[in-house]
Amino acid sequence: MIRRTLFATTILSATLLGSTVSAAQTAGGKPFTETVVADFESPWAMTVLPDARMLVTEKKGQMLLVSADGKTRQTVATITVDSAGQGGLMDVVLAPDFATSKRVYFSYSSAGEGGKGVVLARGRLRPDGGGGERLGEIEVIFSARPFVEGNGHYSGRIAFSPDGKYLFFTNGERQKFTPAQDPKMTLGKVLRLTLDGKPAPGNPLAAKGFAPEVWTYGHRNLLGIAFDAQGNLWEQEMGPKGGDEVNLIRPGLNYGWPNASNGSHYDGRDIPDHKPGDGYEAPKVSWNPVISPGGLMIYSGAMFPQWKGDAFIGGLSSKSLVRVDLNGTTAAKGDQWDMGARIREVEQGPDGAIWVLEDGGESQGRLIKLTAK
């Protein structure tokens, strides 16, 4: 059954699940074929299981287990979330030892003492006794500090270190600016945690009085984080009016927000640009006008060998899929393909296909598989 969002009913009423996108939509020489596989209600993130099934999160709190062909789905968990504004059920990532532990890590926004904040939780995917599966043994293992009022810039992206020992978790600055530079808060930071959600030993700023979880600081709204094959950690975040960024994350560094940005405040007030010697780590790539970056994936598959090692970013306001050339510790802008819809998430499948999720706001909320022509 096709499930449509309110905004998209007339836009894509002729699109059938399993069909390829029309020639008009692929005009412009896209080097891939787009196949619509499923349709969701405001999806936020996805991850692919070893057997090619997918876990997909929806903004209102549903986590779905979906077959590789999109024809069957099951709700494996319904999480109580605060879904106002930019809130909701957010990232979902398999544990490094998922094959044996069946653990799944996820993030969501929650209301609590002081306001709202992003939390990190985990559970185990087990048979439900009725022929399906469910996510059980759910536990919250970390909460952002402090909870504050407002409905924006939660972030909540998750990445595991290549050795599987640590978890990196992004905390947005909640549209409050100064927390990004406050050493006592986790807001506006990249955090490094143990797999149990505790501060990882050896974090670089703890001895300087920072919250013990902090790995880097001076960030705004961090909506993508991923390791490349060389072990470099890359992150992308939304700038203000201009200044969207891709950063190489190195321990202990200050990335400048809100004191430095290649964008400006929405009311037109200037923010000093990044410049050498200002004490802040500058982005490797920035955009002005913005792309509004959503998910981040670093490609390692064989289907598109020309892109191996490159980063792929979902574009929200730009309604695009963006490729960034990564070369060691440097980066440069690559392709930007018009997708005709807000792209919230980008993932790689076991066969090297690229999967994108529309965000289901102004867009349909479809899951689309990109394969080589």
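A: Arg145 is partly exposed, with a relative accessible area of 31% (between the limits for buried, under 20%, and exposed, over 50%; 1.4 Å probe, protein chains only). The model is predicted, so side-chain atom pairs count only at pLDDT 80 or more, local features need at least 70, and totals for chains, interfaces and linings use all residues. Numbering starts from 1 along each chain as its sequence is written, and side-chain values use heavy atoms, without hydrogens or water.

The partner of Arg145 is Glu213, and Glu213 is buried, at a relative accessible area of 5%. The two residues form a salt bridge in which the closest N and O atoms are 2.9 Å apart (the term requires a side-chain nitrogen of Lys or Arg within 4 Å of a carboxyl oxygen of Asp or Glu). Arg145 belongs to the loop between strands S9 and S10, and Glu213 to the loop between strand S12 (189-194) and strand S13 (214-217), so the pair ties together parts that are 68 residues apart in sequence. Strands are DSSP runs of E, at least two residues long, numbered from the N terminus.

In total, the structure holds 19 salt bridges. Another of them joins the side chains of Glu133 and Arg53, with an N to O distance of 2.8 Å. Because Glu133 lies in strand S9 (residues 133-143) and Arg53 in the loop between S2 and strand S3 (54-58), this pair links parts that are 80 residues apart in sequence. Glu133 counts as buried, at 17% relative accessibility, whereas Arg53 is partly exposed, at 24%.

A further salt bridge brings together the side chains of Arg366 and Glu358, again described by an N to O distance, here 2.8 Å. Arg366 is buried, its relative accessibility being 4%. Glu358 is likewise buried, with a relative accessible area of 1%. In this pair, then, the arginine and the glutamate are both buried.

Methods. Helix = DSSP H or I, 4+ residues; strand = E, 2+ residues; numbered from the N terminus.
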